[in-house]
Amino acid sequence: MSVIESEEHQALRAAVAALGAKYGRDYLTNAVSSGRHPAELWSEAAKLGYLGVNLPEEYGGGGGGIAELSIVLEELGAAGCPLLMMVVSPAICGTVIARFGTEEQKRAWLPALADGTRTMAFGITEPDAGSNAHRITTTARRDPDTGDWLLTGRKVFVSGVDTADATLIVGRMEDARTGSLKPCLFIVPRDAEGFQRRAIDMELNASEKQFELVLDDVRLPAGALVGDEDAGLLQLFAGLNPERIMGAAFAIGMGRYALARAVEYARERTVWKVPIGAHQAIAHPLAQAHIELELARLMMQKAAHLCDAGDDIGAGEAANMAKYAAGEACVKAVDQAVHTLGGNGLTREYGLASLITAARVSRIAPVSREMILNYVSHQTLGLPKSY
């Protein structure tokens, strides 16, 4: 792995940055205020091959990996118009189906995920499980008469269910040999009988709404199960590593956007005959924010490299670290950007105030910084568990 980006990656960054500049933050803000999905940007990104850049070429994708997809999301974020569903649809669901799906599942979903005509949500979090995937209570059982699967359970904080064609649901099934429950993944169509959704009233304004799902004996054909019954945990974490890497890309892009606005303001805003950026009290915190974002990007690139190389264990550690570093860097960059603008940082004209809340999400989702610290202390440092 080179720490210097290849010419291909640099060209991809430049091309996506140009697309982002065409839309910008005003476009996304208008989409949010009108309650609509940013369909035009999604469609154009798909036509240019960006949405499916990580998916296999034989199924309509670009043949790249999470390294390329994270560049796309970061640059859209840096332009002020990140697409949250990129984290879910091509990154998590696309990766899981490409690696573990049946041939029928691959042909049904991957070309459509790549060209943007279909999207898929991802449901793992539950009201009583939180970050503990081992306490998931959504269960799957076989109908002995038909061979169908029956899913029952609840999920919360599922993004974009209202626009997604299906949701990749994480459940648990009984192991016939041990009697214990093991994780499993199912593709649940949005119109499946017994599959209900309720929008969660969020303070955070975003184009992608959050939902609570109820699965009441949702009947699915045998082919809805993704991959092998005995490989559920491997499949699950193969999707969570891209999720964390893309979460880092989202945070880094947001931080870069806020920092760029602050730097522009510090160059132009003049007090006592000099730009405020000439004062170290303004310049140094912005420089620190830039350094921390760059360091987070390096860890994200390492995580993406390991993920694309198939090193799930190494990628797990690096992806968690990248998400942690990016979340912290994003919060600090946004805070310093708002502080640099003073009162203007809270006005609608400059569009930074809303990022204060949005930046906090990068510390919470898709996994909290405390759980990442638990992971590193246990898995990396070998310290005893606290729970």
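**Figure 1. K273 in the loop between β8 and β9.** In this predicted model, K273 sits in the loop that links β8 (270-271) to β9 (274-275). Helices (H or I, at least four residues) and strands (E, at least two) are DSSP runs, numbered from the N terminus. K273 is not a glycine, yet its phi is positive, about 75°. Its relative accessibility of 82% makes K273 exposed (over 50% relative accessible area; buried is under 20% and partly exposed lies in between, with a 1.4 Å probe and protein chains only). Residues are numbered from 1 along each chain as its sequence is written, and side-chain values use heavy atoms, without hydrogens and water. As the model is predicted, local features need pLDDT of at least 70 and side-chain atom pairs count only at pLDDT 80 or more, while totals for chains, interfaces and linings use all residues.

**Figure 2. D217 in strand β7.** D217 belongs to strand β7. Its phi is positive, about 50°, although D217 is not a glycine. With a relative accessible area of 36%, D217 is partly exposed. Most residues other than glycine have a negative phi, and most peptide bonds are trans.

**Figure 3. The cis peptide bond from A365 to P366.** Omega is near 0° for the bond from A365 to P366, which is cis. P366 is part of the loop between α9 (353-364) and α10.

**Figure 4. N374 in helix α10.** Helix α10 (residues 369-380) contains N374. N374 has a relative accessible area of 18% and is buried. Apart from neighbours within four places in sequence, N374 is in contact with S386 and Y387 (contact means heavy atoms within 4.5 Å).

**Figure 5. L204 in the loop between β6 and β7.** The loop between β6 (195-199) and β7 (210-220) holds L204. L204 is partly exposed, at 28% relative accessibility. T357 lies 153 residues from L204 along the chain, and the C-alpha atoms of the two are separated by 6.7 Å. With neighbours within four places in sequence left aside, the contacts of L204 are T357, A358 and V361.

**Figure 6. Packing of helix α3 against helix α4.** Helix α3 (residues 66-78) packs on helix α4 (residues 85-100) at an angle of about 175°, and their axes are 11 Å apart. The axes are lines fitted to C-alpha atoms, for helices over the stretch in contact, and angles run from 0 to 180 degrees between N-to-C directions. α3 is therefore roughly antiparallel to α4 (angles over 145 degrees; under 35 is roughly parallel, 65 to 115 roughly perpendicular and the rest oblique). From α3, the contact involves I66, L69, V72, L73 and L76; from α4, M86, V87, P90, A91 and T95. These residues comprise 9 nonpolar, 1 polar and no charged (Ala, Val, Leu, Ile, Met, Phe, Trp, Tyr, Cys and Pro are nonpolar, Asp, Glu, Lys and Arg charged, and the others, Gly among them, polar).

**Figure 7. The second largest pocket.** The second largest pocket has about 270 Å³ of space. On a 1 Å grid over the protein atoms alone, a pocket is an open set of points where a 1.4 Å probe fits, with protein on both sides within 12 Å along at least five of seven lines; lining residues have an atom within 4 Å of a point. Grid points are joined across faces, edges and corners, and the volume is the space filled by probe spheres set on them. Of the 17 lining residues, M1, S2, H9, A67 and Q301 lie nearest the centre. Two or more lining residues come from each of α1 (7-33), α3 and α7 (280-308). The most come from α7, with 5 residues. The lining has 7 nonpolar, 6 polar and 4 charged residues.
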